[in-house]
Amino acid sequence: MDLRRPPRSSSGGVEPKIRQVGFFTPDASAPSVLLPPAAAVPAPLAKQGAAAGSPPASDDLSPGRLSPVMIPPPRHADLLAPGSPSPAAADAVLATSAPARSSARLDVASEIADDDSWSRAPSATELEENKRGLSEIRNEGAPASIPQKQKTSKAERRAIQEAQRAAKAAAKEAGKSAGAASAAGPVTSKQAKSAKNAHKKDLPQAASTVASEKKVTERLPERERKLDAPHPRMQFDDVHKVEKAKKRAVVNQSEARNRVELFRHLPQYVHGTQLPDLESKFFQLEPMHPSVYKVGLQYLSGEVSGGNGRCIAMLLAFREAIKDYTTPPNKTLSRDLTAKVSSYVSFLIECRPLSISMGNAIRFLKNRIAKLPHTLSESEAKASLQSDIDRFINEKIILADKAIVSHAITKVRDNDVLLTYGSSSVVEMILDYAHELGRKFRVIVVDSRPKLEGQELLRRLVAKGINCTYTHVNAISYIMHEVTRVFLGASSVLSNGTVYSRVGTASVAMVAHAFGVPVLVCCEAYKFHERVQLDSICANELGDPDVILKVPGKAEDHLKNWADNANLQLLNLTYDATPHDYVSMIITDYGMLPPTSVPVIVREYRKEQLWI
Amino acid sequence: MLVPLPLPPRKTLTPPRLLLAADPHPKSEPPPHLLGSPLRAPPCRTCSRSSATSSSSLSAVVRKVEGSHAVARQTAELLRSVVSQHRMGSSANQAAALADAVRAVGEQLIAANPIELAVGNIVRRVLHIIKEEDISATAVGIEGLSVTVDSDDEYDSEHDDRPSLSAAVLAAHARNALRAPSLQTLLEDIPVSPAISRTASSTGDSDGKSKSGDKSSTRKLKHDVIAAIGDLIDEIDSCYEPISEQAVELIHQNEVILTLGRSRTVKEFLYAAKEKKRSFRVFVAEGAPRYQGHVLAKELVEKGVQTTVITDSAVFAMISRVNMVIVGAHAVMANGGVIAPVGMNMVALAAQRHAVPFVVVAGSHKLCPLYPHNPEVLLNELKSPSDLLDFGDFSDCMHFSTQDGSPLLNVVNPTFDYVPPKLVSLFITDTGGHSPSYMYRLIAEYYSADDLVVRRKSTA
């Protein structure tokens, strides 16, 4: 119950309008059908208006907001599909376009042909505001929808079409009924007016949404589309590609021996070989900015770790690099800087594979560079990029953490026993804050080899006076009896709800699930990713296998010289994927949501990120 | 059916429990392989009573010997020496007196380490053996001497020919002479046997033999019991063979197997499959905080098994690519639940999630006739926190405490995990494969119902 409350309350302002629509389409399912888009739309729109610096779009679109179905790009439409508001109206439309239903594209064509105004819609004959709205829609719709677009099946496309048709029909009917009930009071006349508006403006707009969608998917250059879809990752079992990559590589790395067969597709190098090599090359690596270089070394040595820490370090290094950047003659800033950043990134990848959060941050930065207006001078552009980076760090990481803490604190009650695994910065903030508020609770810190990050967390918490219990991950079934909440950090949350996090998180979540203890995953929204993953094997990061050998406090070394024996492999996984059904709730800066709502956040967030 | 056990201390940052004070007895011959052990306390010459106090030497040992196999073997050896030193009095009820002596020692042993269920198992087995021998002797006394010779020969020949034969077979043989091991007899037994066996041992003795050949029959009883305990020891020693024989039938080519920690039974099981030219791959979770998985990995690699060592936290990640989980157990309870090294419940849950068969290999000495209640707490033992935290590193955190004086920093280091029967797919014991729901019946083969509560006498 708790899970659903926040998003609904945030959309509270829209509900009356939905009821207005419901007046015309008395189907019971209508409000629930219309709710999600209504909840989703206003916030991004408002933010876009503010951030993009264009005249506030919300005023222009106010007629459009009357029936919010029209605005959102079609992914919400799958929600709409099952309950088409008015069967009769839908039938009427069906009658006109019945033969063409089988093909989605034909469907559009025939529908556009249905109505004069619709056919005009994509062209430039629209009203000024509609045009603006259209361009915005196109821009916002395109990047978010395209990755999905490639995946949508025929059935889904059809569902989308049907939903849009239903919406149009509803609006049409609204217009009709309003005309019929002209004797009604001022409210109805107003509604009639707005309904007419909806007829005249929204329908074109709806059509334009459809059309622009189509146009975008059809006409978008291949290159741009690729940019938006998640890149297929480098697969290291492909010999040719690995050879190629090696030629490009800055760092000489020797591949680890005795690699685990299942993980051939992941890079694994002999640990410690890169560092001296890199150090010796410090002065030769001319294109590398020293601050980036430093961060790379910090990744390599493990000095900087943790999703947020690594991301902030990288962004600050890029900021430094941009500050010192000058455009070479005969080159444009946006192109050259993008290439530069790419080379930095590939250097960092060689030091340590990127985390997903870093990938998102890089994507943001590249986007900002690409979207720089050409009119800006170099210094202005650089300043704008630097402030963008600062804003990203501030809003997406620091403020987001604060928002998460304020959400999560409501879930900490007196006499709670909170369990956490490993060391998550945001979970630590929550515990600290709860302690500051004077809540009485105990913390159980569960840790695992080889990193034993929990020990540092334990030390800090005990020093603050929080009652702590420390144990290792094997004892999780023993300790889970007394736990009332499990707070976990995450490296990333993937759009199928999978939580990608420090290895062992899945085990903890599984045992908590088995014991009926709620699992709350705390993760900033910038770490969300549209990628999906089912297991922990297809994508992961392999750590240094040698650290498994060293057992703290045990002198004997049973597996010495393990690499000499071809039959023995050591596997040091870094991450694992927690299935979404083990997760009760994901606490993010946008609120607390069930793992099934992750794709919504991914979509909305991506949009916002592009328009920040 | 539950034996109340003392609650182990929870969440301590204190040193591990002190070993029980050793009070060994010189007259009781210590188990031969303990003679060289540096852990053995010096013998004291003052004690006069033999068998009852000799147990305390083992009490110390029980804490020092690790692994239920070694404990079971030593318990059996000790009980054998108890029996052999038991002076058969002229009292009417020889068997009852012997059983009482064994029970007295057994009580002490169990009290010394209630967590080590193998001790109680062996004590019960020995009590059961005494009872069976007594019944058979009585039966012989009634039916005539020829049968005695027969059964004796049978024992000897079996012992000579196939020393490795499991005691289950022997027990079944012995029982066959008495009663068919069918469900019917079991059902008949439950209400009757406590009464019968008691009365049978007493009345049978007094009626049938006490008047005629006391000396010979008591000597015979003692001899038979000692021989049967010897068989039990052999069975414990050789329990790996019948288990590992089944390996080839359960492991197919290119199988991927996951195990946690180190169990000798698992090792022998995998060895046997490897020797039969099966090629398979093993993931070994290291099994914190003892990290015995490293040892197992080393042993497997020496035999040429493809082995991958993973951290315990990676079990969930890897289990989706595993075909079978094979683990050892500390004890198998009568409900089919398993007391196993810590972390096993996590592995079992992960295996269930991915529908991977969870196979437990265990010798019959690990079968415990008790039904567990809250075994995570009651049948667990908390070890030293120093396994997890380096006291040196954390000395600065030690002095923090709350207002009421309890320490801020607690460390939990349990030894065992309880795996409920629903998570176990199969048990492999030396009598073959069994499902968890059958374990109660299998266990009923080894123990007599009135011995389940060994301590009953002292509490009564």
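Me: How many salt bridges does the rule find across the interface of chain B and chain A?

Reply: A salt bridge is a side-chain nitrogen of Lys or Arg within 4 Å of a carboxyl oxygen of Asp or Glu. By that rule, 3 salt bridges cross the interface of chain B and chain A. In one, the side chains of Arg353(B) and Asp581(A) meet at 2.6 Å, N to O. Keep in mind that this is a predicted model, where local features need pLDDT of at least 70 and side-chain atom pairs count only at pLDDT 80 or more, while totals for chains, interfaces and linings use all residues. Residues are numbered from 1 along each chain as its sequence is written, and side-chain values use heavy atoms, leaving out hydrogens and water.

Me: What area do chain B and chain A bury between them?

Reply: The size of an interface is often given as the accessible area lost when the parts come together. This buried area (1.4 Å probe) is summed over both parts. Here chain B and chain A bury about 5,000 Å², 60% of it on carbon and sulfur atoms. On the chain B side, Ser313(B), Phe316(B) and Leu408(B) lose the most area to chain A, together 13% of what that side buries.

Me: And how many residues does the contact take from each chain?

Reply: Contact means heavy atoms within 4.5 Å. Chain B gives 59 residues and chain A gives 61 residues.

Me: Which strand of chain A pairs with S3(B)?

Reply: Strands (E, at least two residues) are DSSP runs, numbered from the N terminus. Two of them pair if DSSP finds at least two bridges between them. Strand S9 (residues 568-571) of chain A pairs with S3(B) in the parallel sense, over 4 bridges. Gln569(A), for example, has Thr308(B) as its bridge partner.

How values were computed:
Chains lettered and ligands numbered in written order. Buried area = accessible area lost by both parts, 1.4 Å probe.
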